[in-house]
Amino acid sequence: MGPEVKALLLLGLLYWAGDCEAQMTWQRLGQQPHRPWAERVADDRQAVESFPLDLTALEGNTESFMEQIQSLAQALYPCASQQPSEDLHLHLLLNKSVTCNDGSPAGYYLKESKGSGRWLIFLEGGWYCFNRDTCELRHSATPHLMSSKDWPRTRIGTGILSSLPEENPHWWNANMVFIPYCSSDVWSGASPKTKKNDYAFMGTLIIQEVVRELLDRGLAGGKVLLLAGSSAGGTGVLLNVDRVAKQLEELGYPAIQVRGLVDSGWFLDNKQYRHTDCFNTRTCAPKEVIQRGIKYWKGLVPEPCQRQFKEGEEWNCFFGYKIYPTVSSPLFVVQWLFDQAQLIVDNAYLTGQPMQEDQRLYVQNLAGELRHTLQNVSASFAPACFSHEVIIRSQWTEVQVNGTSLPQALHCWDRSLHRSHNASKAPLKGCPIHLVDSCPWPHCNPTCPTIRNQFTGQEVNMAQFLRRMGFDVPSVAQ
(Lines give C-alpha, C1' and ligand atoms only; values in the text may rest on other atoms or scores of the structure.)
Protein backbone atom coordinates (compact mmCIF):
# COMPACT_ATOMS: atom_id res chain seq x y z
CA MET A 1 0.00 0.00 0.00
CA GLY A 2 1.49 3.33 -1.07
CA PRO A 3 1.85 6.35 1.21
CA GLU A 4 -0.80 8.26 -0.80
CA VAL A 5 -3.40 5.53 -0.16
CA LYS A 6 -2.51 5.43 3.53
CA ALA A 7 -2.92 9.19 3.79
CA LEU A 8 -6.33 9.05 2.07
CA LEU A 9 -7.49 6.30 4.42
CA LEU A 10 -6.46 8.30 7.45
CA LEU A 11 -8.12 11.45 6.11
CA GLY A 12 -11.29 9.49 5.45
CA LEU A 13 -11.38 8.10 8.98
CA LEU A 14 -10.60 11.51 10.43
CA TYR A 15 -13.47 13.04 8.44
CA TRP A 16 -15.75 10.22 9.59
CA ALA A 17 -14.68 10.83 13.20
CA GLY A 18 -15.41 14.55 13.01
CA ASP A 19 -18.79 13.97 11.35
CA CYS A 20 -19.65 11.32 13.94
CA GLU A 21 -18.76 13.66 16.80
CA ALA A 22 -21.00 16.32 15.30
CA GLN A 23 -23.85 13.82 15.01
CA MET A 24 -23.44 12.72 18.62
CA THR A 25 -23.38 16.35 19.73
CA TRP A 26 -26.64 17.06 17.93
CA GLN A 27 -28.22 13.93 19.33
CA ARG A 28 -27.25 15.01 22.85
CA LEU A 29 -28.76 18.45 22.29
CA GLY A 30 -31.89 17.03 20.70
CA GLN A 31 -31.57 19.36 17.69
CA GLN A 32 -31.18 18.96 13.95
CA PRO A 33 -27.98 20.09 12.22
CA HIS A 34 -29.64 22.43 9.70
CA ARG A 35 -27.46 25.51 10.12
CA PRO A 36 -25.41 27.72 7.83
CA TRP A 37 -22.35 25.99 6.48
CA ALA A 38 -19.95 28.66 7.83
CA GLU A 39 -21.30 28.27 11.38
CA ARG A 40 -20.95 24.50 11.21
CA VAL A 41 -17.33 24.77 9.97
CA ALA A 42 -16.50 27.16 12.82
CA ASP A 43 -18.09 24.84 15.36
CA ASP A 44 -16.27 21.85 13.88
CA ARG A 45 -12.94 23.69 14.21
CA GLN A 46 -13.67 24.49 17.84
CA ALA A 47 -14.64 20.87 18.50
CA VAL A 48 -11.42 19.63 16.92
CA GLU A 49 -9.38 22.02 19.04
CA SER A 50 -11.19 20.94 22.21
CA PHE A 51 -11.14 17.21 21.57
CA PRO A 52 -8.52 16.32 18.94
CA LEU A 53 -8.58 12.76 17.67
CA ASP A 54 -5.51 11.41 19.42
CA LEU A 55 -3.43 9.47 16.90
CA THR A 56 -0.46 9.40 19.30
CA ALA A 57 -2.40 6.72 21.18
CA LEU A 58 -1.40 4.41 18.34
CA GLU A 59 2.28 5.37 18.13
CA GLY A 60 4.40 2.27 18.32
CA ASN A 61 1.49 0.16 19.53
CA THR A 62 0.78 -1.88 16.41
CA GLU A 63 2.94 -3.82 14.00
CA SER A 64 1.40 -2.70 10.72
CA PHE A 65 -0.44 0.25 9.31
CA MET A 66 -3.59 -1.80 8.74
CA GLU A 67 -3.65 -2.77 12.41
CA GLN A 68 -3.63 0.95 13.22
CA ILE A 69 -6.52 1.49 10.84
CA GLN A 70 -8.40 -1.46 12.37
CA SER A 71 -7.83 -0.18 15.91
CA LEU A 72 -8.98 3.31 14.95
CA ALA A 73 -12.06 1.97 13.18
CA GLN A 74 -12.97 -0.16 16.19
CA ALA A 75 -12.77 2.93 18.40
CA LEU A 76 -15.11 4.75 16.02
CA TYR A 77 -17.49 1.78 15.72
CA PRO A 78 -20.24 3.34 17.90
CA CYS A 79 -20.71 5.98 15.21
CA ALA A 80 -21.44 3.32 12.62
CA SER A 81 -23.89 1.21 14.56
CA GLN A 82 -24.32 0.89 18.31
CA GLN A 83 -22.46 1.87 21.43
CA PRO A 84 -19.96 -0.82 22.52
CA SER A 85 -19.87 -1.98 26.11
CA GLU A 86 -18.06 0.38 28.46
CA ASP A 87 -17.89 -2.31 31.12
CA LEU A 88 -14.76 -3.37 32.93
CA HIS A 89 -15.09 -7.02 33.97
CA LEU A 90 -14.14 -8.42 37.37
CA HIS A 91 -11.29 -10.91 37.70
CA LEU A 92 -10.52 -12.28 41.17
CA LEU A 93 -6.85 -13.05 41.66
CA LEU A 94 -5.76 -16.59 40.87
CA ASN A 95 -3.38 -16.40 43.82
CA LYS A 96 -5.91 -16.70 46.65
CA SER A 97 -3.28 -15.96 49.29
CA VAL A 98 -3.32 -12.28 48.25
CA THR A 99 -6.48 -11.03 49.88
CA CYS A 100 -8.68 -8.18 51.04
CA ASN A 101 -8.85 -7.27 54.74
CA ASP A 102 -11.34 -10.04 55.56
CA GLY A 103 -9.44 -12.80 53.75
CA SER A 104 -11.59 -12.83 50.59
CA PRO A 105 -9.61 -12.81 47.34
CA ALA A 106 -8.55 -9.45 45.96
CA GLY A 107 -9.08 -8.70 42.29
CA TYR A 108 -9.33 -6.17 39.49
CA TYR A 109 -11.61 -4.99 36.69
CA LEU A 110 -10.31 -5.09 33.11
CA LYS A 111 -11.39 -3.71 29.75
CA GLU A 112 -8.97 -4.76 27.03
CA SER A 113 -8.15 -2.66 23.98
CA LYS A 114 -6.76 -5.05 21.40
CA GLY A 115 -3.82 -3.64 19.47
CA SER A 116 -3.01 -0.93 22.01
CA GLY A 117 0.30 -1.03 23.84
CA ARG A 118 -0.83 1.42 26.51
CA TRP A 119 -2.08 0.22 29.90
CA LEU A 120 -3.72 2.31 32.59
CA ILE A 121 -3.95 0.79 36.09
CA PHE A 122 -6.08 2.79 38.51
CA LEU A 123 -5.89 2.45 42.31
CA GLU A 124 -9.15 3.27 44.07
CA GLY A 125 -9.17 5.57 47.11
CA GLY A 126 -11.28 5.45 50.25
CA TRP A 127 -9.49 6.59 53.44
CA TYR A 128 -8.14 3.82 55.75
CA CYS A 129 -8.41 2.30 59.22
CA PHE A 130 -5.57 2.21 61.72
CA ASN A 131 -6.58 -0.01 64.67
CA ARG A 132 -9.07 -2.73 65.52
CA ASP A 133 -11.86 -0.33 66.49
CA THR A 134 -11.65 1.81 63.35
CA CYS A 135 -11.37 -1.28 61.15
CA GLU A 136 -14.45 -2.88 62.70
CA LEU A 137 -16.38 0.34 62.18
CA ARG A 138 -15.17 0.51 58.58
CA HIS A 139 -16.17 -3.11 57.95
CA SER A 140 -19.71 -2.50 59.17
CA ALA A 141 -20.16 0.84 57.39
CA THR A 142 -18.37 0.18 54.06
CA PRO A 143 -17.81 -3.59 53.68
CA HIS A 144 -16.90 -3.28 49.98
CA LEU A 145 -13.72 -1.46 51.08
CA MET A 146 -12.62 -4.51 53.09
CA SER A 147 -14.06 -7.48 51.22
CA SER A 148 -14.67 -8.67 47.65
CA LYS A 149 -17.73 -10.75 48.57
CA ASP A 150 -20.27 -8.28 47.21
CA TRP A 151 -18.33 -6.69 44.36
CA PRO A 152 -20.39 -6.33 41.14
CA ARG A 153 -19.33 -8.33 38.11
CA THR A 154 -18.77 -5.20 36.01
CA ARG A 155 -17.98 -1.50 36.40
CA ILE A 156 -18.41 1.43 34.02
CA GLY A 157 -15.22 3.28 33.08
CA THR A 158 -15.50 7.06 33.48
CA GLY A 159 -13.09 9.97 33.15
CA ILE A 160 -9.62 8.75 32.33
CA LEU A 161 -10.98 5.17 32.40
CA SER A 162 -13.54 5.91 29.67
CA SER A 163 -13.16 4.50 26.16
CA LEU A 164 -15.08 7.43 24.65
CA PRO A 165 -12.79 9.96 22.89
CA GLU A 166 -15.08 12.87 23.78
CA GLU A 167 -14.80 12.02 27.50
CA ASN A 168 -11.20 10.84 27.48
CA PRO A 169 -9.40 12.61 24.61
CA HIS A 170 -5.95 11.06 25.07
CA TRP A 171 -6.21 7.71 26.86
CA TRP A 172 -9.44 6.38 25.30
CA ASN A 173 -7.58 3.66 23.38
CA ALA A 174 -5.69 2.20 26.36
CA ASN A 175 -6.28 -1.08 28.18
CA MET A 176 -8.17 -0.04 31.33
CA VAL A 177 -7.64 -1.66 34.74
CA PHE A 178 -9.45 -0.67 37.94
CA ILE A 179 -8.14 -2.20 41.19
CA PRO A 180 -10.70 -1.90 44.02
CA TYR A 181 -9.34 -0.71 47.35
CA CYS A 182 -9.97 -3.45 49.93
CA SER A 183 -6.78 -3.34 52.02
CA SER A 184 -7.43 -0.13 54.05
CA ASP A 185 -3.66 0.51 54.26
CA VAL A 186 -3.03 3.23 51.65
CA TRP A 187 -1.77 0.42 49.37
CA SER A 188 1.25 -0.19 51.62
CA GLY A 189 0.72 -3.45 53.51
CA ALA A 190 2.15 -6.93 52.96
CA SER A 191 0.82 -8.82 56.00
CA PRO A 192 -1.74 -11.68 55.73
CA LYS A 193 -4.64 -12.43 58.03
CA THR A 194 -3.62 -14.80 60.84
CA LYS A 195 -4.97 -16.03 64.18
CA LYS A 196 -3.28 -13.06 65.84
CA ASN A 197 -4.22 -10.55 63.15
CA ASP A 198 -7.94 -9.93 62.66
CA TYR A 199 -7.36 -8.40 59.24
CA ALA A 200 -4.99 -8.75 56.31
CA PHE A 201 -3.23 -5.65 55.01
CA MET A 202 -1.81 -6.52 51.58
CA GLY A 203 -2.19 -3.41 49.44
CA THR A 204 1.26 -3.46 47.88
CA LEU A 205 1.06 -7.22 47.23
CA ILE A 206 -2.32 -6.78 45.50
CA ILE A 207 -0.75 -4.36 43.02
CA GLN A 208 2.16 -6.69 42.32
CA GLU A 209 -0.12 -9.70 41.83
CA VAL A 210 -2.42 -7.79 39.45
CA VAL A 211 0.60 -6.72 37.36
CA ARG A 212 1.78 -10.33 37.29
CA GLU A 213 -1.59 -11.57 36.00
CA LEU A 214 -1.88 -8.78 33.43
CA LEU A 215 1.36 -9.91 31.78
CA ASP A 216 -0.54 -13.01 30.62
CA ARG A 217 -3.44 -10.84 29.40
CA GLY A 218 -1.38 -8.67 27.05
CA LEU A 219 0.72 -6.39 29.24
CA ALA A 220 3.80 -8.39 28.22
CA GLY A 221 3.56 -6.67 24.83
CA GLY A 222 2.83 -3.26 26.30
CA LYS A 223 4.79 -0.09 25.70
CA VAL A 224 3.56 2.24 28.48
CA LEU A 225 2.03 1.53 31.88
CA LEU A 226 0.43 4.46 33.69
CA LEU A 227 -0.17 3.71 37.37
CA ALA A 228 -2.84 6.19 38.48
CA GLY A 229 -4.84 6.64 41.65
CA SER A 230 -7.07 9.05 43.55
CA SER A 231 -6.90 10.05 47.23
CA ALA A 232 -5.46 7.08 49.16
CA GLY A 233 -4.90 5.54 45.72
CA GLY A 234 -2.87 8.59 44.72
CA THR A 235 -0.64 8.15 47.75
CA GLY A 236 -0.48 4.49 46.76
CA VAL A 237 0.99 5.53 43.40
CA LEU A 238 3.78 7.42 45.16
CA LEU A 239 4.57 4.35 47.27
CA ASN A 240 4.37 1.76 44.47
CA VAL A 241 5.25 3.22 41.07
CA ASP A 242 8.98 2.46 41.33
CA ARG A 243 8.20 -0.94 42.81
CA VAL A 244 6.09 -1.80 39.73
CA ALA A 245 8.87 -0.61 37.41
CA LYS A 246 11.38 -2.79 39.26
CA GLN A 247 9.01 -5.78 39.21
CA LEU A 248 8.60 -5.58 35.42
CA GLU A 249 12.33 -5.23 34.93
CA GLU A 250 13.05 -8.27 37.11
CA LEU A 251 10.42 -10.31 35.26
CA GLY A 252 12.12 -9.52 31.95
CA TYR A 253 10.08 -6.55 30.67
CA PRO A 254 12.38 -3.52 31.08
CA ALA A 255 11.08 -1.91 27.87
CA ILE A 256 7.66 -1.14 29.40
CA GLN A 257 7.76 2.53 30.41
CA VAL A 258 6.20 2.94 33.87
CA ARG A 259 4.77 6.32 34.88
CA GLY A 260 2.65 7.61 37.77
CA LEU A 261 -0.40 9.87 38.00
CA VAL A 262 -1.19 11.09 41.53
CA ASP A 263 -4.68 12.56 42.00
CA SER A 264 -5.56 14.19 45.34
CA GLY A 265 -3.01 12.07 47.18
CA TRP A 266 -0.45 14.82 47.90
CA PHE A 267 -1.26 15.35 51.56
CA LEU A 268 0.54 17.61 54.05
CA ASP A 269 1.65 16.50 57.52
CA ASN A 270 0.77 19.95 58.84
CA LYS A 271 -0.55 21.14 62.17
CA GLN A 272 -4.34 20.98 62.51
CA TYR A 273 -6.40 24.14 62.68
CA ARG A 274 -8.04 22.78 65.81
CA HIS A 275 -6.44 19.81 67.54
CA THR A 276 -8.69 16.92 68.56
CA ASP A 277 -8.01 13.53 70.08
CA CYS A 278 -7.40 10.76 67.57
CA PHE A 279 -10.58 8.70 67.73
CA ASN A 280 -11.30 8.05 64.05
CA THR A 281 -9.93 8.60 60.56
CA ARG A 282 -11.51 12.03 60.20
CA THR A 283 -10.35 13.59 63.47
CA CYS A 284 -6.75 12.36 63.57
CA ALA A 285 -4.00 14.67 62.41
CA PRO A 286 -2.46 13.36 59.14
CA LYS A 287 0.93 12.66 60.75
CA GLU A 288 -0.61 10.91 63.77
CA VAL A 289 -2.88 8.58 61.81
CA ILE A 290 -0.05 7.45 59.51
CA GLN A 291 2.26 6.88 62.47
CA ARG A 292 -0.35 4.58 64.00
CA GLY A 293 -1.41 3.01 60.74
CA ILE A 294 1.99 2.02 59.40
CA LYS A 295 2.61 -0.04 62.55
CA TYR A 296 -0.82 -1.69 62.43
CA TRP A 297 -0.57 -2.45 58.70
CA LYS A 298 3.13 -3.36 58.84
CA GLY A 299 3.31 -0.97 55.92
CA LEU A 300 6.20 -0.93 53.47
CA VAL A 301 7.80 2.16 51.96
CA PRO A 302 10.29 2.33 49.07
CA GLU A 303 13.90 1.84 50.14
CA PRO A 304 15.23 5.10 48.60
CA CYS A 305 12.77 7.07 50.72
CA GLN A 306 13.26 4.93 53.81
CA ARG A 307 17.00 5.66 53.72
CA GLN A 308 16.27 9.37 54.05
CA PHE A 309 14.81 8.92 57.56
CA LYS A 310 15.72 7.29 60.85
CA GLU A 311 14.30 3.95 61.89
CA GLY A 312 10.74 4.44 63.10
CA GLU A 313 10.22 7.54 60.94
CA GLU A 314 9.20 5.71 57.75
CA TRP A 315 5.80 7.40 58.02
CA ASN A 316 7.37 10.44 56.36
CA CYS A 317 7.28 8.59 53.02
CA PHE A 318 3.46 8.75 52.91
CA PHE A 319 3.64 12.49 52.24
CA GLY A 320 4.20 13.53 48.66
CA TYR A 321 6.65 16.36 49.08
CA LYS A 322 8.94 14.08 51.13
CA ILE A 323 8.87 10.98 48.91
CA TYR A 324 8.81 12.78 45.54
CA PRO A 325 12.57 13.55 45.41
CA THR A 326 13.32 9.83 45.87
CA VAL A 327 11.00 8.53 43.10
CA SER A 328 12.73 7.56 39.84
CA SER A 329 9.66 7.02 37.62
CA PRO A 330 8.08 10.03 35.87
CA LEU A 331 5.23 11.48 37.96
CA PHE A 332 2.35 13.83 37.23
CA VAL A 333 0.72 15.35 40.34
CA VAL A 334 -2.89 16.59 40.36
CA GLN A 335 -3.88 18.36 43.57
CA TRP A 336 -6.66 20.76 44.51
CA LEU A 337 -5.15 23.68 46.45
CA PHE A 338 -8.14 23.55 48.82
CA ASP A 339 -8.51 19.78 49.07
CA GLN A 340 -11.59 18.71 51.01
CA ALA A 341 -9.97 15.64 52.55
CA GLN A 342 -7.00 17.68 53.76
CA LEU A 343 -9.33 20.25 55.31
CA ILE A 344 -11.32 17.50 57.06
CA VAL A 345 -8.28 15.95 58.75
CA ASP A 346 -7.06 19.47 59.59
CA ASN A 347 -10.43 20.16 61.30
CA ALA A 348 -10.80 23.22 59.07
CA TYR A 349 -13.60 21.86 56.90
CA LEU A 350 -16.43 24.21 55.93
CA THR A 351 -19.54 23.38 57.95
CA GLY A 352 -22.87 25.15 58.19
CA GLN A 353 -21.34 27.79 60.47
CA PRO A 354 -19.51 30.81 59.02
CA MET A 355 -15.72 30.71 59.24
CA GLN A 356 -13.89 32.83 61.76
CA GLU A 357 -11.13 35.10 60.52
CA ASP A 358 -8.37 32.84 61.85
CA GLN A 359 -9.95 29.85 60.10
CA ARG A 360 -10.07 31.74 56.78
CA LEU A 361 -6.41 32.63 57.23
CA TYR A 362 -5.59 28.96 57.97
CA VAL A 363 -7.35 27.81 54.78
CA GLN A 364 -5.62 30.47 52.71
CA ASN A 365 -2.23 29.55 54.17
CA LEU A 366 -2.90 25.88 53.37
CA ALA A 367 -3.02 26.72 49.67
CA GLY A 368 0.24 28.60 50.04
CA GLU A 369 1.90 25.59 51.67
CA LEU A 370 0.70 23.30 48.88
CA ARG A 371 2.00 25.70 46.22
CA HIS A 372 5.37 25.71 47.94
CA THR A 373 5.60 21.90 47.97
CA LEU A 374 4.75 21.78 44.24
CA GLN A 375 7.44 24.27 43.20
CA ASN A 376 9.92 21.59 42.18
CA VAL A 377 7.36 19.14 40.79
CA SER A 378 7.98 19.31 37.05
CA ALA A 379 4.56 18.00 35.98
CA SER A 380 1.62 19.25 38.05
CA PHE A 381 -1.93 20.55 37.79
CA ALA A 382 -3.23 22.42 40.85
CA PRO A 383 -6.45 24.46 40.53
CA ALA A 384 -7.49 26.80 43.36
CA CYS A 385 -10.69 24.84 43.95
CA PHE A 386 -12.50 23.39 46.92
CA SER A 387 -12.88 19.73 45.89
CA HIS A 388 -11.40 16.22 46.13
CA GLU A 389 -10.48 13.72 43.40
CA VAL A 390 -10.97 14.39 39.70
CA ILE A 391 -9.49 11.99 37.14
CA ILE A 392 -12.33 9.44 37.01
CA ARG A 393 -15.08 12.07 37.00
CA SER A 394 -16.91 12.36 33.69
CA GLN A 395 -16.44 16.16 33.83
CA TRP A 396 -12.68 15.97 34.39
CA THR A 397 -12.06 17.74 31.06
CA GLU A 398 -13.74 20.97 32.19
CA VAL A 399 -11.37 22.36 34.84
CA GLN A 400 -8.55 24.54 33.51
CA VAL A 401 -5.47 26.27 34.87
CA ASN A 402 -4.25 29.21 32.79
CA GLY A 403 -6.43 28.08 29.88
CA THR A 404 -5.14 24.48 29.83
CA SER A 405 -7.31 21.52 30.82
CA LEU A 406 -6.05 18.49 32.71
CA PRO A 407 -6.32 16.11 29.69
CA GLN A 408 -4.37 18.63 27.60
CA ALA A 409 -1.66 18.90 30.27
CA LEU A 410 -1.42 15.10 30.51
CA HIS A 411 -1.15 14.91 26.72
CA CYS A 412 1.72 17.42 26.82
CA TRP A 413 3.41 15.36 29.53
CA ASP A 414 3.05 12.15 27.52
CA ARG A 415 4.48 13.84 24.45
CA SER A 416 7.45 15.19 26.42
CA LEU A 417 8.19 11.71 27.79
CA HIS A 418 7.81 10.18 24.33
CA ARG A 419 10.31 12.66 22.90
CA SER A 420 12.78 12.24 25.74
CA HIS A 421 12.52 8.45 25.32
CA ASN A 422 13.39 8.92 21.66
CA ALA A 423 16.29 11.25 22.57
CA SER A 424 14.60 14.24 20.90
CA LYS A 425 15.89 17.66 21.92
CA ALA A 426 13.05 19.60 20.27
CA PRO A 427 11.11 21.72 22.80
CA LEU A 428 7.36 21.38 23.09
CA LYS A 429 6.21 24.90 22.36
CA GLY A 430 2.89 25.96 23.87
CA CYS A 431 2.56 22.73 25.81
CA PRO A 432 2.70 23.49 29.56
CA ILE A 433 2.95 20.74 32.18
CA HIS A 434 3.53 22.79 35.36
CA LEU A 435 0.19 24.45 36.05
CA VAL A 436 -0.48 25.86 39.52
CA ASP A 437 -3.14 28.52 40.17
CA SER A 438 -1.86 31.74 41.72
CA CYS A 439 -5.19 33.23 42.88
CA PRO A 440 -5.49 33.04 46.68
CA TRP A 441 -9.10 32.13 47.49
CA PRO A 442 -11.14 28.90 47.19
CA HIS A 443 -12.96 28.79 43.86
CA CYS A 444 -11.26 31.90 42.50
CA ASN A 445 -10.75 29.79 39.35
CA PRO A 446 -13.94 30.19 37.25
CA THR A 447 -13.70 26.62 35.89
CA CYS A 448 -13.85 25.00 39.35
CA PRO A 449 -16.40 22.18 39.73
CA THR A 450 -19.69 22.65 41.55
CA ILE A 451 -19.24 22.87 45.31
CA ARG A 452 -20.93 20.03 47.15
CA ASN A 453 -21.19 19.13 50.78
CA GLN A 454 -18.90 16.10 51.07
CA PHE A 455 -21.12 14.49 53.71
CA THR A 456 -24.55 15.05 52.10
CA GLY A 457 -23.69 15.50 48.42
CA GLN A 458 -25.93 18.57 48.21
CA GLU A 459 -24.89 21.44 45.96
CA VAL A 460 -23.68 24.62 47.68
CA ASN A 461 -24.33 27.80 45.69
CA MET A 462 -21.86 30.68 45.65
CA ALA A 463 -23.84 32.84 48.08
CA GLN A 464 -23.98 29.96 50.58
CA PHE A 465 -20.27 29.32 50.04
CA LEU A 466 -19.35 32.96 50.72
CA ARG A 467 -21.44 32.94 53.89
CA ARG A 468 -19.66 29.78 55.04
CA MET A 469 -16.38 31.53 54.36
CA GLY A 470 -17.52 34.14 56.89
CA PHE A 471 -18.44 36.98 54.53
CA ASP A 472 -21.51 39.18 55.00
CA VAL A 473 -22.68 38.95 51.37
CA PRO A 474 -25.07 42.00 51.39
CA SER A 475 -22.41 44.20 52.99
CA VAL A 476 -19.78 43.04 50.51
CA ALA A 477 -22.20 43.68 47.64
CA GLN A 478 -22.79 47.27 48.84
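I took a disulfide to be a pair of cysteine sulfur atoms within 2.5 Å. The model I looked at is a predicted one.

**Entry 1: disulfides**

With that cut-off I counted 7 disulfides. I followed three of them up.

I started with cysteine 305 and cysteine 317, whose sulfur atoms are 2.1 Å apart, and recorded the pair as a disulfide. The torsion about their S-S bond is about -105°, so I noted this disulfide as left-handed. I placed cysteine 305 in helix α9 (residues 303-306) and cysteine 317 in the loop between α9 and α10 (320-323), 12 residues apart. I found cysteine 305 buried, at 0% relative accessibility, and cysteine 317 buried as well, at 1%.

Next I looked up cysteine 100 and cysteine 182, a disulfide with its sulfur atoms 2.2 Å apart. I read a torsion of about -75° about the S-S bond, so the disulfide of cysteine 100 and cysteine 182 is left-handed. Cysteine 100 sits in the loop between β1 (87-92) and β2 (107-111), and cysteine 182 in the loop between β5 (175-179) and α6 (203-215), so the pair ties together parts 82 residues apart in sequence. Cysteine 100 has 0% relative accessibility and counts as buried; cysteine 182 has 1% and counts as buried.

Cysteine 129 is buried at 0% relative accessibility, and cysteine 135 is buried at 0%.

**Entry 2: aromatic pairs**

I then turned to the rings and counted 11 aromatic pairs. One of them is tyrosine 128 with tryptophan 297, tilted, at 6.5 Å centre to centre and 55° between the planes. I located tyrosine 128 in the loop between β3 (118-123) and α5 (132-141) and tryptophan 297 in helix α8 (residues 286-297), 169 residues apart. Tyrosine 128 and tryptophan 297 are both buried.

I also checked phenylalanine 332 and tryptophan 413, an edge-to-face pair at 5.5 Å centre to centre with 65° between the planes. Phenylalanine 332 belongs to strand β8 (residues 331-334) and tryptophan 413 to helix α13 (residues 406-421), 81 residues apart. I found phenylalanine 332 and tryptophan 413 both buried.

Which residues do ring pairs link into a cluster? I listed Trp127, Tyr128, Trp297 and Phe318.

**Entry 3: arginine 155**

Last I looked at arginine 155. I found its charged end over the ring of tyrosine 109, 5.7 Å from the ring's centre. Arginine 155 also lies over the face of phenylalanine 178, at 4.0 Å from the ring centre.

Key
Residues numbered from 1 in each chain as written. Predicted model: local features only at pLDDT ≥ 70, side-chain atom pairs only at ≥ 80, totals over all residues. Heavy atoms only, no water. Phe/Tyr/Trp six-rings, centres within 6.5 Å; stacked < 30°, edge-to-face > 60°. Helix = DSSP H or I, 4+ residues; strand = E, 2+ residues; numbered from the N terminus. Buried < 20%, exposed > 50% of the residue type's maximum accessible area, 1.4 Å probe, protein only. Lys NZ or Arg CZ within 6 Å of the ring centre and 35° of its normal.
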